[in-house]
Amino acid sequence: MSETTNYVTKETFELMKQELHQLKSVERPAASRAIAEAREKGDLKENAEYDAAKEAQGMLEAKIKQLEGVIATAKIVDTNTIDTSKVTILTRVTITNMATKKTVTYQIVGEKEADLKANKISASSPIGRGLIGKVKGEIAEVQAPNGMMKFKVEDITV
């Protein structure tokens, strides 16, 4: 696993900690109980219930490990200290697509918070990477799967 920093707000960090607690204190014991119940039903070689319970436990453990990794590399960003002179993590940037003249506002966030429906794009996405460091009025050239795209930075806010 790469040691990338996951930039998150304090609220998202707390939600991740709550989710991890839920997985460890509620779902992990439930998975163990399901395996124990399936084991009691006889021959393990022909016990599909046992196999399913073991597989579910494996997926749960993988999810716990992944979430622990995200929390371990999380850096909490305070929205009150964000510099809006250039595009950075957690800034809202209004951009105009130079080809379509369509204007949209995105918030640049860490991967864990990315949600295109809520106009939150990851700083590690092609558009996010292309916008980071740009200032108002600058053109960002972004290599997208369908070719080079150009966006003009119209405004940067928190």
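Contacts (heavy atoms within 4.5 Å) between residues 24 or more positions apart make up 50% of those with a separation of 6 or more in the protein chain. The model is a predicted one, in which local features require pLDDT of at least 70 and side-chain atom pairs pLDDT 80 or more, whereas totals for chains, interfaces and linings use all residues. Residues are numbered from 1 along each chain as its sequence is written, and side-chain values use heavy atoms, with hydrogens and water left out.

The protein chain contains three helices and seven strands, assigned as DSSP runs (helices H or I, at least four residues; strands E, at least two) and numbered from the N terminus. Their order from the N terminus is β-α-α-β-β-β-β-α-β-β. The radius of gyration, taken over C-alpha atoms, is 22 Å, well over the 15 Å given for 158 residues by the globule rule (2.2 Å times the number of residues to the power 0.38), so the protein chain is more spread out than a compact globule. The C-alpha trace spans about 70 × 35 × 25 Å along its principal axes. Of the 158 residues, 33% are buried, that is, under 20% relative accessible area with a 1.4 Å probe, protein chains only.

At the local level, N97 lies in strand β3, which covers residues 92-97. N97 is buried, its relative accessible area being 13%. The N97 side chain reaches the backbone nitrogen of T100 at 3.3 Å, a polar contact being a pair of N or O atoms within 3.5 Å, within protein one able to donate a hydrogen and the other to accept it, with residues adjacent in sequence counted only if both atoms are side-chain atoms. Beyond its neighbours within four places in sequence, N97 is in contact with K102, M149, K150 and F151.

Terms used: Buried < 20%, exposed > 50% of the residue type's maximum accessible area, 1.4 Å probe, protein only.
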